[in-house]
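Have a look at the picture before you read on.

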Amino acid sequence: MKASLEWIKDFTDYQGDVKQFVDGMTLSGTKVESVELEGAELKNVVVGYVLEKNQHPNADRLSVCQVDVGTDVLQIVCGAPNVDAGQKVVVALPGAVLAGGFKIKKAKMRGEESNGMICSIDELGFSVHEFPDAISDGIYVLPDDSPIGANALDIMGIGQEIIEFEITSNRPDCLAVEGLARETAVTFDVEFTPLDKKPSKFSDLKSEDLASIVVEAPDLCPAFIGRVVTDVIIEPSPIWMQKRLRAAGMRPINNIVDITNFVMLSLGQPMHAYDLDFLTDQSIIVRRAKEQEEMTLLDGTEIKMNPEDLVIADTAGAVGLAGVMGAENSEVRDSTRAILFEAANFSKTSVRKTAKEYNIRSEASLRFEKGLPAQNAQRAMDYACYLIEELNCGKVACTEIKVAAEYPELHKIEYTAQGINKLTGIDLNIEQINHILSKLELVIEPTEVSDIYSATIPYFRDDLQLEADLAEEVARIYGYDKIESRFSKGNTPTLGGRNEIQLDIEKIRRVLEACGAYEAYTYSFVSPTDVIRLGLDSEHVLSQQLTILNPLGEEYSKMRTTILPSLLRVIEYNLAHGNSNGIFYELGKTYHPLNTMPDYGLTADYPDEHLPDERDHITVALFDQNLKESSQGYFEIKGIMEELFRHLGIAQFKVARAGQDYPYYHPGQAASVYLPDYTESIGFIGTIHPSVAKEFGVTSNTYILDLELKPLLLSKREEIIFQALPKYPSITRDLAFVMPQETLVSEIKTEIADLAGSLLESIQIFDVYQGEGIAEDKKSVAFSLVFRAAERTLSDQEINPIMQKIISKMTEKDIVLRG
């Protein structure tokens with residue numbers, strides 16, 4: 001919400017400067033986002049009077065003008081086609097600064113001296129949308145009564161201190177300048193004057209004789225007020241109104257449309273003006289839309305509606321989408337001579353659904369969606385008709401047409417000083433509390449019970465429901481900065497802490513960072529092309545992406561089913577900035593249609609038949625452009641996985657060659673990860689496919705580990721038990737086997753461990769070799785076996801038979817000792 005400080009001062013007698021205003025309002029809960037001084041860079045710009053205009057002797061399209069600027073008569077060369085003698089114009093004197101920091105100097109133009117510039121609206125940094133009486137290819141002409149030599153910016157209404165506020169969803173009353181002024185008055189303890197303007201002059205005509213209003217959907221429209229204005233004169237609105245609209249970010253159009261926008265910004269109640277001659281039978285019918293009913297909105301959007309939508313119609317068809325936007329056929333034109341003002345109250349749920357369905361957000365829908373009080377519609381109608389009278393641009397009918405239910409009864413909240421002080425941690429007496437609440441326009445009355453008071457809540461503060469709400473109001477107006485830091489009285493302090501899952505996640509972060517990985521945070525919104533770039537066909541489970549209803553754009557229109565593309569883009573960015581290697585990880589969510597992913601026999605956290613299936617993943621990406629052996633990167637990321645499992649207490653796991661379901665991994669260099677608790681794999685590890693690497697612009701030496709978090713953290717863990725240092729020495733034996741290249745080393749390792757029996761303390765792979773001396777279809781894998789007995793020193797005679805047994809068994813599998 002934007003408004004000028006000048007406009008806010010119309011309602012209050014606040015005398016401070018803008019800095020005090022910003023600080024005070026932010027501390028009292030109405031946060032200020034930004035402050036802008038309109039036309040801050042414009043300097044030395046005055047009102048000039050064109051005395052003479054003569055043709056430039058050396059240029060057909062230039063004029064030489066003699067301009068009176070109050071202190072002198074200056075010769076100025078001008079190229080605008082609309083400049084003429086007798087005009088009041090905006091003159092930038094020598095030394096002036098215009099939009100964009102452009103400085104004006106004395107100059108010669110085609111041999112003629114020019115002492116300044118006659119300005120267009122564009123040169124002042126504005127557009128014809130903000131000043132509708134300006135023209136796009138000529139100078140800006142000021143009103144005839146503008147004083148010569150005066151500051152032109154003052155005449156044009158430029159120089160407002162424009163303040164942008166962040167309004168929370170529970171305060172629709174502050175989506176109005178009146179509401180902001182009310183907050184200003186109570187924050188700075190100054191007087192506040194609410195709007196109470198009503199027309200006093202009426203024509204003899206009655207609205208009900210000129211138009212009719214029928215509400216067929218009272219559940220969606222509890223109040224609808226209409227009033228006819230005849231003998232309408234369409235012209236630009238006055239400067240004071242235009243400047244306030246401009247400060248709020250709205251462009252002036254004409255006096256009638258500007259009145260409806262001005263009233264909305266003043267009171268927070270949207271209005272609409274219908275050209276009465278274009279309403280068939282001069283009728284208004286508030287009804288639900290018909291199935292596939294068509295309408296073209298004011299912005300040119302063509303829509304097809306359904307019975308869930310509420311429309312404003314005449315006997316021929318829809319003329320507006322209730323609470324959102326009017327139709328093209330109902331707008332006020334230059335030829336309009338009679339209008340029907342509308343001030344209505346619509347269901348916030350209905351307006352929200354309709355605006356979301358057609359992706360239309362207007363200033364009106366923004367306010368209706370928050371929920372507006374029905375009482376405000378009457379105030380808005382009265383103020384709009386008052387402005388018609390004030391601007392002398394029409395005659396207001398002597399009656400109005402009102403279709404409205406009874407206003408809801410104002411609710412009351414009982415409170416005590418003790419209760420307020422306990423909730424806020426401050427120590428105010430009841431007089432101080434009542435003063436603050438009264439300034440907020442709550443009506444305070446004592447009850448029959450001593451020390452208990454009753455506050456009647458005004459119609460515009462529906463957010464106040466409990467004593468705690470009153471306590472919050474007292475605290476913010478009293479000043480959060482004045483409240484001492486101390487323990488709340490009467491409340492028992494509690495000890496916070498993390499649960500087991502949260503502790504495990506912290507442990508995962510520590511382990512990965514100890515392995516040299518950096519955490520990445522990426523968007524859950526992704527492009528629909530991501531799965532295509534991974535080489536997945538449309539039937540693949542990861543291609544079943546959920547579509548966002550109102551995306552930021554096509555690039556962010558889907559919910560991701562895998563974190564992989566996000567991390568590949570992180571790697572691409574780092575490679576482009578000169579980082580040749582690194583490790584990244586992300587703890588993030590993926591999103592899937594229901595019943596498409598394995599459930600691992602686990603209960604869903606939040607079972608719901610409508611919401612998507614959200615899965616937590618830990619995904620690690622390692623890349624290194626300088627690796628000579630691609631297998632080195634695979635074993636490094638596998639080592640990270642093993643280190644992770646060790647710290648989580650997961651001793652048993654299995655990796656098995658991945659099938660064809662994941663084409664983004666390199667064939668033969670990818671594996672599924674299994675835990676004993678589940679039949680389905682909990683993730684994958686492997687080298688990225690070269691074609692995918694090329695598609696994302698990353699090195700082919702990129703390796704991915706992707707694990708689903710929930711089954712990982714809920715799997716069985718080994719308890720960490722204290723074990724004394726061994727008393728007896730160990731025996732270490734190394735075995736280097738030559739085996740077929742496609743043999744899974746993990747399976748061989750498991751089999752050797754089983755054959756070694758209970759004396760085996762540990763087994764590690766310490767070398768994998770392919771090259772000179774080894775056949776092309778073979779590889780050499782070296783294992784280190786450590787044997788130890790807890791109660792004695794082992795001898796070679798005990799270990800040798802075990803080693804021979806292992807060698808014999810391997811030989812049967814065509815796996816032989818390396819010579």
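This is a predicted model: local features need pLDDT of at least 70, side-chain atom pairs count only at pLDDT 80 or more; totals for chains, interfaces and linings use all residues.

1. A quick bit of background for the helix points: a pair of packed helices is described by the angle between the axes and the distance between them.

2. Let's begin with helix H7 (residues 255–267) and helix H10 (residues 375–391). Their axes come within 10 Å of each other and cross at roughly 140°. The crossing of H7 past H10 is right-handed.

3. Which residues of H7 and H10 meet? On the H7 side you'll find Asn255, Ile256, Ile259, Phe262, Val263, Ser266 and Leu267. Facing them in H10 are Asn376, Arg379, Ala380, Tyr383, Ala384, Leu387, Ile388 and Leu391. Sort the residues of this contact by type and you get eleven nonpolar, three polar and one charged.

4. Stay with H10 for a moment, as two of its tyrosines deserve a look. Tyr383 and Tyr386 both sit in this helix, three residues apart, which is about one turn. Their ring centres are 6.1 Å apart and the ring planes make an angle of 15°; planes under 30 degrees apart count as stacked, so this pair is stacked. Are these two tyrosines buried or exposed? Both Tyr383 and Tyr386 are buried.

5. Tyr383 and Tyr386 form one aromatic cluster with Trp7, Trp240 and Phe262.

6. For another ring arrangement, go to Tyr662 and Tyr664. Their ring centres are 5.7 Å apart with the planes at 75°, and planes over 60 degrees apart count as edge-to-face, so that is what this pair is. Tyr662 and Tyr664 are both buried. How many aromatic pairs are there in the model? The count comes to 22.

7. Last stop: helix H20 (residues 745–756) and helix H21 (residues 796–812), which pack at about 140° with their axes 9 Å apart. That angle makes H20 oblique to H21, and H20 passes H21 in a right-handed crossing. H20 brings Ile748, Glu751, Ile752, Leu755 and Ala756 to the contact, while H21 brings Ile802, Lys805, Ile806, Lys809 and Met810. By type, the residues of this contact come out as seven nonpolar, three charged and no polar.

Note on methods. Residues are numbered from 1 along each chain as its sequence is written. Side-chain values use heavy atoms; hydrogens and water are left out. Axes are lines fitted to C-alpha atoms, for helices over the stretch in contact, and angles run from 0 to 180 degrees between N-to-C directions. Helices (H or I, at least four residues) and strands (E, at least two) are DSSP runs, numbered from the N terminus. Angles under 35 degrees count as roughly parallel, over 145 as roughly antiparallel, 65 to 115 as roughly perpendicular and the rest as oblique. A crossing is left-handed if the near helix is turned anticlockwise from the far one by less than a right angle, and right-handed if clockwise. Contact means heavy atoms within 4.5 Å. Ala, Val, Leu, Ile, Met, Phe, Trp, Tyr, Cys and Pro count as nonpolar, Asp, Glu, Lys and Arg as charged, and the others, Gly among them, as polar. Rings of Phe, Tyr and Trp (its six-membered ring) pair if their centres lie within 6.5 Å; planes under 30 degrees apart count as stacked, over 60 as edge-to-face and the rest as tilted. Buried means under 20% relative accessible area, exposed over 50%, partly exposed in between (1.4 Å probe, protein chains only).
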